[in-house]
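Dear colleague,

I am handing over the model we spoke about, and I would be glad if you could look through it alongside my notes.

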Amino acid sequence: MAKDAKVAQNIRPLMEYRNDAWKCWKCGFCRMSNPDEQKTHKYSDNCPRGTRFRFDSFYGLGTQELVRALTCDPPELDINDPAVAERVREIVYTCTQCGGCQTNCNPTKHLEPANASIALRNWLVEQGLGPLDEHQPLVKSIINYDNPWMQPRAARAKWAKKKKTIKDASKEEVEVLYYPGCTASYDPVIQPVAGWVTEVLEKADVDFGILGKNEICCGSTVLRVGDKDNFRKIRAKNLESLNSTSAKTIVTACAGCFSTFSHEYKEDLNAEVKHIVEFVDELLQEGKLTFSKSLDLEVTYHDPCHVGLYCGTYDAPRNILKALPGVTVTEMQRIREWSWCCGAGGGCRTAYPEEIAGFAAEARLEEAFETGARTLVTCCPFCEQNLGENAKRTFERFGIQVRDIMDLVYEAL
Ligand code: SF4
Ligand code: SF4
(Lines give C-alpha, C1' and ligand atoms only; values in the text may rest on other atoms or scores of the structure.)
(Ligands and ions follow the chains in the order given, each with its own letter.)
Protein backbone atom coordinates (compact mmCIF):
# COMPACT_ATOMS: atom_id res chain seq x y z
CA MET A 1 0.00 0.00 0.00
CA ALA A 2 1.37 3.42 -0.94
CA LYS A 3 1.69 5.71 2.02
CA ASP A 4 1.41 9.36 1.06
CA ALA A 5 -0.78 10.69 3.82
CA LYS A 6 0.16 14.39 3.54
CA VAL A 7 -0.97 15.10 7.10
CA ALA A 8 -1.50 18.77 7.97
CA GLN A 9 -0.62 20.09 4.54
CA ASN A 10 -2.91 22.54 2.74
CA ILE A 11 -5.71 22.52 5.32
CA ARG A 12 -8.81 23.86 3.57
CA PRO A 13 -11.86 25.61 5.04
CA LEU A 14 -14.37 23.17 6.56
CA MET A 15 -16.92 23.57 3.72
CA GLU A 16 -14.31 22.23 1.28
CA TYR A 17 -14.30 18.88 3.12
CA ARG A 18 -18.06 18.55 2.56
CA ASN A 19 -17.85 16.46 -0.61
CA ASP A 20 -15.14 14.26 0.90
CA ALA A 21 -17.39 13.57 3.86
CA TRP A 22 -20.06 12.16 1.54
CA LYS A 23 -17.48 9.89 -0.08
CA CYS A 24 -16.49 8.16 3.16
CA TRP A 25 -16.95 4.43 2.63
CA LYS A 26 -17.49 3.77 6.34
CA CYS A 27 -15.03 0.93 5.77
CA GLY A 28 -13.37 1.47 9.14
CA PHE A 29 -9.83 1.23 7.74
CA CYS A 30 -9.05 4.45 9.61
CA ARG A 31 -9.31 2.50 12.87
CA MET A 32 -6.51 0.11 11.98
CA SER A 33 -2.74 0.04 12.10
CA ASN A 34 -0.98 -1.51 9.10
CA PRO A 35 -3.44 -4.30 8.20
CA ASP A 36 -0.88 -5.79 5.76
CA GLU A 37 1.73 -6.51 8.40
CA GLN A 38 -0.06 -6.93 11.71
CA LYS A 39 1.80 -9.45 13.82
CA THR A 40 -0.65 -9.49 16.73
CA HIS A 41 -4.22 -8.32 17.01
CA LYS A 42 -3.34 -6.59 20.27
CA TYR A 43 -1.61 -3.79 18.39
CA SER A 44 -4.03 -3.40 15.50
CA ASP A 45 -5.43 -0.07 16.82
CA ASN A 46 -4.01 3.18 15.47
CA CYS A 47 -6.38 5.87 16.80
CA PRO A 48 -5.86 6.91 20.46
CA ARG A 49 -9.17 8.80 20.60
CA GLY A 50 -11.28 6.01 19.10
CA THR A 51 -9.49 3.27 21.06
CA ARG A 52 -10.08 5.19 24.30
CA PHE A 53 -13.81 5.77 23.80
CA ARG A 54 -14.70 2.84 21.47
CA PHE A 55 -17.39 4.77 19.64
CA ASP A 56 -17.40 5.49 15.91
CA SER A 57 -17.74 9.27 16.43
CA PHE A 58 -14.21 9.30 17.82
CA TYR A 59 -12.51 7.63 14.84
CA GLY A 60 -11.66 9.12 11.43
CA LEU A 61 -14.98 7.94 10.04
CA GLY A 62 -16.73 9.86 12.84
CA THR A 63 -14.82 12.96 11.77
CA GLN A 64 -16.24 12.51 8.25
CA GLU A 65 -19.76 12.08 9.61
CA LEU A 66 -19.39 15.18 11.80
CA VAL A 67 -18.19 17.24 8.84
CA ARG A 68 -21.14 15.97 6.78
CA ALA A 69 -23.70 16.77 9.49
CA LEU A 70 -22.29 20.28 10.09
CA THR A 71 -21.91 21.27 6.43
CA CYS A 72 -25.07 19.89 4.81
CA ASP A 73 -27.84 22.37 4.01
CA PRO A 74 -29.59 22.75 6.37
CA PRO A 75 -27.10 21.38 8.94
CA GLU A 76 -28.17 18.21 10.71
CA LEU A 77 -26.53 19.42 13.91
CA ASP A 78 -27.48 22.72 15.52
CA ILE A 79 -24.16 24.06 16.80
CA ASN A 80 -26.07 26.85 18.62
CA ASP A 81 -27.55 24.23 20.95
CA PRO A 82 -25.12 24.26 23.94
CA ALA A 83 -25.41 20.48 24.48
CA VAL A 84 -24.57 19.80 20.80
CA ALA A 85 -21.72 22.31 20.85
CA GLU A 86 -20.23 20.69 23.96
CA ARG A 87 -20.34 17.20 22.45
CA VAL A 88 -18.81 18.43 19.17
CA ARG A 89 -16.02 20.20 21.10
CA GLU A 90 -15.28 17.00 23.03
CA ILE A 91 -15.08 14.89 19.86
CA VAL A 92 -12.92 17.41 18.00
CA TYR A 93 -10.51 18.25 20.83
CA THR A 94 -9.85 14.64 21.94
CA CYS A 95 -8.17 14.03 18.54
CA THR A 96 -4.41 14.03 19.02
CA GLN A 97 -4.01 15.05 15.36
CA CYS A 98 -1.60 12.15 14.95
CA GLY A 99 -2.62 11.45 11.35
CA GLY A 100 -2.91 7.69 11.79
CA CYS A 101 -6.40 7.59 10.26
CA GLN A 102 -5.19 9.40 7.15
CA THR A 103 -2.29 6.97 6.64
CA ASN A 104 -4.77 4.19 6.08
CA CYS A 105 -7.55 6.07 4.33
CA ASN A 106 -5.71 8.30 1.88
CA PRO A 107 -3.82 5.84 -0.35
CA THR A 108 -6.95 3.92 -1.36
CA LYS A 109 -9.96 6.11 -0.51
CA HIS A 110 -8.18 9.44 -1.16
CA LEU A 111 -9.81 11.15 1.81
CA GLU A 112 -8.11 13.25 4.51
CA PRO A 113 -9.81 12.53 7.85
CA ALA A 114 -6.93 13.97 9.93
CA ASN A 115 -6.86 17.18 7.87
CA ALA A 116 -10.66 17.41 8.17
CA SER A 117 -10.23 17.11 11.95
CA ILE A 118 -7.85 20.10 11.89
CA ALA A 119 -10.34 22.02 9.69
CA LEU A 120 -13.04 21.28 12.29
CA ARG A 121 -10.91 22.92 15.00
CA ASN A 122 -10.26 25.96 12.84
CA TRP A 123 -14.01 26.21 12.22
CA LEU A 124 -14.88 25.86 15.92
CA VAL A 125 -12.52 28.74 16.73
CA GLU A 126 -14.22 30.85 14.02
CA GLN A 127 -17.58 30.07 15.68
CA GLY A 128 -16.22 31.22 19.06
CA LEU A 129 -16.34 27.63 20.36
CA GLY A 130 -12.62 26.91 20.53
CA PRO A 131 -10.04 26.43 21.78
CA LEU A 132 -10.97 24.80 25.11
CA ASP A 133 -10.69 26.70 28.40
CA GLU A 134 -7.69 24.51 29.28
CA HIS A 135 -5.85 25.80 26.20
CA GLN A 136 -6.45 29.51 26.83
CA PRO A 137 -3.50 30.09 29.25
CA LEU A 138 -1.09 28.57 26.70
CA VAL A 139 -2.38 30.78 23.89
CA LYS A 140 -2.31 33.93 26.06
CA SER A 141 1.19 33.13 27.28
CA ILE A 142 2.54 32.73 23.74
CA ILE A 143 1.00 36.06 22.75
CA ASN A 144 2.22 37.90 25.87
CA TYR A 145 5.54 36.17 26.60
CA ASP A 146 6.49 34.45 23.29
CA ASN A 147 6.44 31.07 25.06
CA PRO A 148 3.61 28.82 26.34
CA TRP A 149 4.93 28.54 29.91
CA MET A 150 4.46 32.17 31.10
CA GLN A 151 8.21 32.51 31.49
CA PRO A 152 10.08 35.79 30.98
CA ARG A 153 11.69 36.31 27.58
CA ALA A 154 15.03 37.05 29.25
CA ALA A 155 15.13 33.50 30.73
CA ARG A 156 14.91 31.78 27.31
CA ALA A 157 18.66 31.44 26.84
CA LYS A 158 19.52 30.70 30.49
CA TRP A 159 20.54 27.17 29.49
CA ALA A 160 23.29 28.66 27.28
CA LYS A 161 24.75 30.93 29.99
CA LYS A 162 27.64 28.58 30.78
CA LYS A 163 28.41 28.10 27.07
CA LYS A 164 30.18 31.34 26.29
CA THR A 165 31.39 30.03 22.93
CA ILE A 166 27.93 29.85 21.30
CA LYS A 167 27.55 32.58 18.68
CA ASP A 168 24.69 35.10 18.75
CA ALA A 169 23.10 34.46 15.34
CA SER A 170 21.32 37.83 15.40
CA LYS A 171 24.72 39.61 15.43
CA GLU A 172 27.28 37.20 13.97
CA GLU A 173 27.57 35.28 10.69
CA VAL A 174 26.60 31.61 11.10
CA GLU A 175 26.05 28.73 8.70
CA VAL A 176 23.55 26.99 10.97
CA LEU A 177 20.93 28.43 13.31
CA TYR A 178 20.13 26.12 16.21
CA TYR A 179 16.55 26.78 17.31
CA PRO A 180 15.93 24.95 20.64
CA GLY A 181 12.25 26.01 20.87
CA CYS A 182 10.27 26.77 24.03
CA THR A 183 10.28 23.34 25.69
CA ALA A 184 14.05 22.77 25.59
CA SER A 185 14.59 26.39 26.60
CA TYR A 186 12.33 26.44 29.66
CA ASP A 187 11.29 22.94 30.83
CA PRO A 188 13.95 21.77 33.33
CA VAL A 189 13.36 18.11 32.37
CA ILE A 190 13.86 18.75 28.63
CA GLN A 191 16.48 21.53 28.97
CA PRO A 192 19.48 19.14 28.87
CA VAL A 193 18.59 18.43 25.21
CA ALA A 194 19.76 21.95 24.29
CA GLY A 195 23.11 21.28 25.96
CA TRP A 196 23.53 17.87 24.26
CA VAL A 197 22.74 19.36 20.84
CA THR A 198 25.27 22.19 21.20
CA GLU A 199 27.98 19.81 22.49
CA VAL A 200 27.45 17.56 19.46
CA LEU A 201 27.49 20.49 17.01
CA GLU A 202 30.72 21.78 18.59
CA LYS A 203 32.32 18.34 18.43
CA ALA A 204 31.55 18.20 14.68
CA ASP A 205 32.96 21.73 14.14
CA VAL A 206 29.65 23.07 12.89
CA ASP A 207 29.55 26.86 12.50
CA PHE A 208 26.34 27.56 14.42
CA GLY A 209 24.62 30.11 16.61
CA ILE A 210 21.38 30.74 18.49
CA LEU A 211 18.97 33.66 18.70
CA GLY A 212 19.01 33.51 22.52
CA LYS A 213 16.53 35.86 24.16
CA ASN A 214 15.49 37.08 20.70
CA GLU A 215 14.08 33.65 19.83
CA ILE A 216 10.28 33.37 19.99
CA CYS A 217 7.81 30.48 19.97
CA CYS A 218 7.15 28.88 16.57
CA GLY A 219 3.41 29.04 17.31
CA SER A 220 2.80 25.30 16.90
CA THR A 221 0.64 25.10 20.05
CA VAL A 222 -1.61 27.93 18.86
CA LEU A 223 -1.91 26.35 15.42
CA ARG A 224 -2.79 22.90 16.78
CA VAL A 225 -5.68 24.21 18.89
CA GLY A 226 -7.16 25.89 15.80
CA ASP A 227 -6.31 29.56 16.45
CA LYS A 228 -5.14 30.45 12.94
CA ASP A 229 -5.39 34.24 13.37
CA ASN A 230 -3.01 34.35 16.31
CA PHE A 231 -0.74 31.85 14.57
CA ARG A 232 -0.46 34.18 11.55
CA LYS A 233 0.72 37.03 13.84
CA ILE A 234 3.28 34.81 15.60
CA ARG A 235 4.53 33.49 12.26
CA ALA A 236 5.05 37.00 10.86
CA LYS A 237 7.02 38.06 13.95
CA ASN A 238 9.07 34.87 13.96
CA LEU A 239 9.89 35.07 10.25
CA GLU A 240 11.47 38.48 10.83
CA SER A 241 13.92 37.12 13.41
CA LEU A 242 14.61 33.83 11.57
CA ASN A 243 15.28 35.61 8.27
CA SER A 244 17.48 38.25 9.94
CA THR A 245 20.32 35.71 10.34
CA SER A 246 22.84 34.58 7.73
CA ALA A 247 22.08 30.89 8.39
CA LYS A 248 21.47 28.63 5.42
CA THR A 249 20.12 25.86 7.65
CA ILE A 250 17.84 25.94 10.70
CA VAL A 251 18.24 22.93 12.98
CA THR A 252 15.83 22.05 15.76
CA ALA A 253 15.47 19.08 18.10
CA CYS A 254 11.77 19.84 18.64
CA ALA A 255 9.27 17.88 16.55
CA GLY A 256 6.64 20.63 16.83
CA CYS A 257 8.99 23.40 15.63
CA PHE A 258 10.33 21.13 12.85
CA SER A 259 6.88 20.30 11.54
CA THR A 260 5.58 23.87 11.81
CA PHE A 261 8.62 25.39 10.09
CA SER A 262 8.57 22.65 7.42
CA HIS A 263 4.91 23.14 6.51
CA GLU A 264 3.71 26.57 7.58
CA TYR A 265 6.90 28.67 7.25
CA LYS A 266 8.81 26.95 4.49
CA GLU A 267 7.82 29.12 1.52
CA ASP A 268 8.92 32.35 3.27
CA LEU A 269 12.04 31.08 5.05
CA ASN A 270 15.49 31.96 3.72
CA ALA A 271 16.97 28.77 5.19
CA GLU A 272 16.41 25.04 4.89
CA VAL A 273 14.86 23.37 7.95
CA LYS A 274 16.23 20.12 9.39
CA HIS A 275 15.44 18.10 12.47
CA ILE A 276 18.57 17.36 14.48
CA VAL A 277 18.24 13.65 13.64
CA GLU A 278 18.58 14.46 9.92
CA PHE A 279 21.51 16.78 10.59
CA VAL A 280 23.37 14.30 12.81
CA ASP A 281 22.70 11.47 10.35
CA GLU A 282 24.34 13.58 7.62
CA LEU A 283 27.32 14.42 9.88
CA LEU A 284 27.82 10.70 10.54
CA GLN A 285 27.59 9.78 6.85
CA GLU A 286 30.08 12.53 5.93
CA GLY A 287 32.49 11.31 8.63
CA LYS A 288 32.32 14.65 10.47
CA LEU A 289 31.10 13.01 13.67
CA THR A 290 32.44 9.83 15.20
CA PHE A 291 31.77 7.95 18.43
CA SER A 292 34.35 6.74 20.92
CA LYS A 293 32.26 5.13 23.71
CA SER A 294 30.14 1.99 23.72
CA LEU A 295 26.77 2.34 25.47
CA ASP A 296 25.77 -1.31 26.03
CA LEU A 297 22.08 -0.53 25.69
CA GLU A 298 19.02 -2.29 24.26
CA VAL A 299 16.52 0.27 23.01
CA THR A 300 13.30 0.64 21.07
CA TYR A 301 12.39 3.73 19.06
CA HIS A 302 9.16 5.77 19.14
CA ASP A 303 8.37 7.77 15.96
CA PRO A 304 6.99 11.18 17.00
CA CYS A 305 3.98 12.08 14.79
CA HIS A 306 5.44 15.46 13.82
CA VAL A 307 8.77 13.95 12.75
CA GLY A 308 7.32 10.80 11.14
CA LEU A 309 3.81 11.16 9.79
CA TYR A 310 3.95 14.92 9.31
CA CYS A 311 7.44 15.16 7.78
CA GLY A 312 8.32 11.64 6.62
CA THR A 313 11.55 11.36 8.67
CA TYR A 314 11.83 7.69 9.63
CA ASP A 315 15.30 6.51 8.57
CA ALA A 316 17.55 9.21 10.07
CA PRO A 317 16.91 8.36 13.76
CA ARG A 318 17.24 4.65 13.00
CA ASN A 319 20.53 5.26 11.15
CA ILE A 320 21.86 7.12 14.22
CA LEU A 321 20.81 4.33 16.59
CA LYS A 322 22.49 1.74 14.32
CA ALA A 323 25.69 3.82 14.31
CA LEU A 324 25.87 4.12 18.11
CA PRO A 325 28.40 1.59 19.46
CA GLY A 326 26.89 -0.99 21.82
CA VAL A 327 23.27 -0.08 21.01
CA THR A 328 20.84 -2.71 19.77
CA VAL A 329 17.39 -1.74 18.52
CA THR A 330 14.30 -3.92 18.79
CA GLU A 331 11.35 -2.40 16.98
CA MET A 332 7.80 -2.26 18.28
CA GLN A 333 4.96 -3.49 16.06
CA ARG A 334 3.55 -0.04 15.30
CA ILE A 335 6.38 1.93 13.72
CA ARG A 336 7.10 4.45 10.98
CA GLU A 337 3.86 5.43 9.12
CA TRP A 338 1.95 3.13 11.45
CA SER A 339 3.31 4.44 14.70
CA TRP A 340 1.00 4.77 17.70
CA CYS A 341 0.84 8.39 18.96
CA CYS A 342 2.22 9.10 22.46
CA GLY A 343 -1.04 10.94 23.24
CA ALA A 344 0.35 14.41 23.87
CA GLY A 345 -0.49 15.93 20.47
CA GLY A 346 -3.19 18.40 19.51
CA GLY A 347 -3.33 19.95 22.98
CA CYS A 348 -4.53 16.64 24.51
CA ARG A 349 -1.89 16.57 27.23
CA THR A 350 -3.24 19.91 28.44
CA ALA A 351 -6.97 19.24 28.05
CA TYR A 352 -7.18 15.45 28.54
CA PRO A 353 -4.08 14.49 30.54
CA GLU A 354 -5.47 11.16 31.74
CA GLU A 355 -8.27 10.18 29.33
CA ILE A 356 -6.15 10.62 26.18
CA ALA A 357 -2.51 11.53 26.95
CA GLY A 358 -2.10 9.08 29.87
CA PHE A 359 -4.09 6.35 28.13
CA ALA A 360 -2.11 6.53 24.88
CA ALA A 361 1.25 6.76 26.66
CA GLU A 362 0.54 3.72 28.81
CA ALA A 363 -0.40 1.68 25.72
CA ARG A 364 2.88 2.74 24.07
CA LEU A 365 4.93 1.90 27.15
CA GLU A 366 3.40 -1.57 27.26
CA GLU A 367 4.26 -2.06 23.58
CA ALA A 368 7.83 -0.93 24.30
CA PHE A 369 8.02 -3.25 27.31
CA GLU A 370 7.07 -6.23 25.14
CA THR A 371 10.11 -5.71 22.90
CA GLY A 372 12.33 -6.62 25.86
CA ALA A 373 14.09 -3.23 25.70
CA ARG A 374 13.89 -1.07 28.79
CA THR A 375 14.95 2.18 27.11
CA LEU A 376 12.47 3.99 24.90
CA VAL A 377 14.23 6.50 22.66
CA THR A 378 12.54 9.33 20.82
CA CYS A 379 13.30 12.80 19.41
CA CYS A 380 10.39 15.03 20.46
CA PRO A 381 10.15 16.99 23.73
CA PHE A 382 6.38 16.47 23.96
CA CYS A 383 6.69 12.69 23.55
CA GLU A 384 9.47 12.77 26.14
CA GLN A 385 7.39 14.78 28.62
CA ASN A 386 4.31 12.61 28.21
CA LEU A 387 5.94 9.19 27.86
CA GLY A 388 8.46 10.12 30.56
CA GLU A 389 5.83 11.14 33.12
CA ASN A 390 3.77 8.02 32.42
CA ALA A 391 6.90 5.83 32.48
CA LYS A 392 7.48 7.03 36.04
CA ARG A 393 3.84 6.34 36.95
CA THR A 394 4.02 2.79 35.54
CA PHE A 395 7.65 2.07 36.43
CA GLU A 396 6.84 -0.86 38.72
CA ARG A 397 4.99 -2.58 35.85
CA PHE A 398 7.16 -1.76 32.83
CA GLY A 399 10.48 -0.46 34.18
CA ILE A 400 10.90 1.74 31.08
CA GLN A 401 13.22 4.74 30.90
CA VAL A 402 12.52 7.38 28.24
CA ARG A 403 15.53 9.11 26.65
CA ASP A 404 16.12 11.67 23.93
CA ILE A 405 18.24 10.38 21.05
CA MET A 406 20.66 13.31 21.54
CA ASP A 407 21.32 12.08 25.09
CA LEU A 408 22.67 8.84 23.58
CA VAL A 409 24.62 10.64 20.84
CA TYR A 410 26.25 12.92 23.44
CA GLU A 411 27.06 10.01 25.75
CA ALA A 412 28.78 8.09 22.93
CA LEU A 413 31.08 10.99 21.84
S1 SF4 B 1 -12.49 7.90 6.68
FE2 SF4 B 1 -11.56 6.68 5.05
S3 SF4 B 1 -10.82 4.78 6.05
FE4 SF4 B 1 -12.29 5.79 7.46
S5 SF4 B 1 -14.27 4.82 7.02
FE6 SF4 B 1 -14.13 6.68 5.73
S7 SF4 B 1 -13.28 5.95 3.78
FE8 SF4 B 1 -12.90 4.33 5.27
S1 SF4 C 1 -5.74 12.04 13.79
FE2 SF4 C 1 -5.19 10.34 15.19
S3 SF4 C 1 -6.48 10.66 17.03
FE4 SF4 C 1 -7.36 11.93 15.39
S5 SF4 C 1 -8.97 10.62 14.52
FE6 SF4 C 1 -7.08 10.32 13.26
S7 SF4 C 1 -6.07 8.50 14.19
FE8 SF4 C 1 -7.60 9.27 15.68
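Below I go through the ligand surroundings and then a sheet.

The model is predicted, so to speak of local features a pLDDT of at least 70 is needed, side-chain atom pairs count only at pLDDT 80 or more, and totals for chains, interfaces and linings use all residues. Residues are numbered from 1 along each chain as its sequence is written, while chains are lettered from A and ligands numbered from 1 in the order in which they are written.

Around ligand 2 there are 18 residues, with C47, C95, C98, G100 and C101 the closest (a residue counts as near if its C-beta atom, placed from the backbone, lies within 6 Å). Helix 2 (48-53), helix 3 (60-71), helix 5 (100-109) and helix 6 (113-126) each give at least two residues to this shell, helices being DSSP runs of H or I with at least four residues and strands runs of E with at least two, numbered from the N terminus.

Ligand 1 is surrounded by 15 residues, of which C24, F29, C30, L61 and C105 are the closest, and helix 3 and helix 5 each supply at least two residues of its shell.

Elsewhere, an open sheet of 4 strands has the order 7-6-8-9 with parallel pairing, where pairing requires at least two DSSP bridges between two strands. Its edges are strand 7 (327-329) and strand 9 (401-404), each of which pairs on one side only. Strand 8 (residues 375-378) runs parallel to strand 9 and is joined to it by 4 bridges, with T375 standing opposite Q401 of strand 9.

Best regards
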